[in-house]
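Here's a quick tour of a protein model, from its overall build down to a few charged contacts. Have the coordinates open as you read.

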Amino acid sequence: MEVQFTPEQEARLGQIASVEGVAPARLMQDAALLLIEDDERFRAGVRRGIDQADRGMFIDEAEMDARIARMLSI
């Protein structure tokens, strides 16, 4: 698989790779793998949520507000 970058993007990738001490291709490979892993976790979470909703497992609005408030205060 090939990915095309503009010269400016390639220059930025080269700078980041240089600072990190890796080849630009390795930097991109690592970034792509992280993206794939994050996407897999996200999709699994969505599937779990849909399964729970299908089973009628909901929380009320007050509990959701409390959970969000706790998450944002961390």
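## Ground rules

A quick word on accessibility: a residue is buried under 20% relative accessible area, exposed over 50%, and partly exposed in between, using a 1.4 Å probe and protein chains only. By that scale, Arg 26 is partly exposed, at 45%.

This is a predicted model, so to speak: local features need pLDDT of at least 70, side-chain atom pairs count only at pLDDT 80 or more, and totals for chains, interfaces and linings use all residues. Residues are numbered from 1 along each chain as its sequence is written, and side-chain values use heavy atoms, with hydrogens and water left out.

## Overall build

The protein has 3 helices and 0 strands, giving the pattern α-α-α along the sequence. Helices here are DSSP runs of H or I with at least four residues, strands are E runs of at least two, and numbering starts from the N terminus. The radius of gyration is 20 Å, well over the 11 Å that the globule rule gives for 74 residues, so the protein is more spread out than a compact globule. That radius is taken over C-alpha atoms, and the rule is 2.2 Å times the number of residues to the power 0.38.

Along the principal axes, the C-alpha atoms fill a box of roughly 50 × 30 × 20 Å.

The structure holds 5 salt bridges, each meaning a side-chain nitrogen of Lys or Arg within 4 Å of a carboxyl oxygen of Asp or Glu. One of them pairs Asp 30 with Arg 26, with 3.1 Å between the closest N and O atoms. Both sit in helix α2 (residues 24-54), 4 residues apart, or about one turn of the helix. Asp 30 is partly exposed at 31% relative accessibility.

Further along, Arg 41 bridges to Asp 38, and there the closest N and O atoms are 2.2 Å apart. These two also lie in helix α2, 3 residues apart, again about one turn. Arg 41 is exposed, with a relative accessible area of 53%, while Asp 38 is partly exposed at 41%.

Arg 67 forms a salt bridge with Glu 63, the closest N and O atoms being 3.0 Å apart. They are 4 residues apart in helix α3 (residues 61-73), so about one helical turn separates them. Both count as partly exposed: Arg 67 at 38% relative accessibility and Glu 63 at 28%. Arg 70 joins in too, as salt bridges with shared partners link Glu 63, Arg 67 and Arg 70 into one network.
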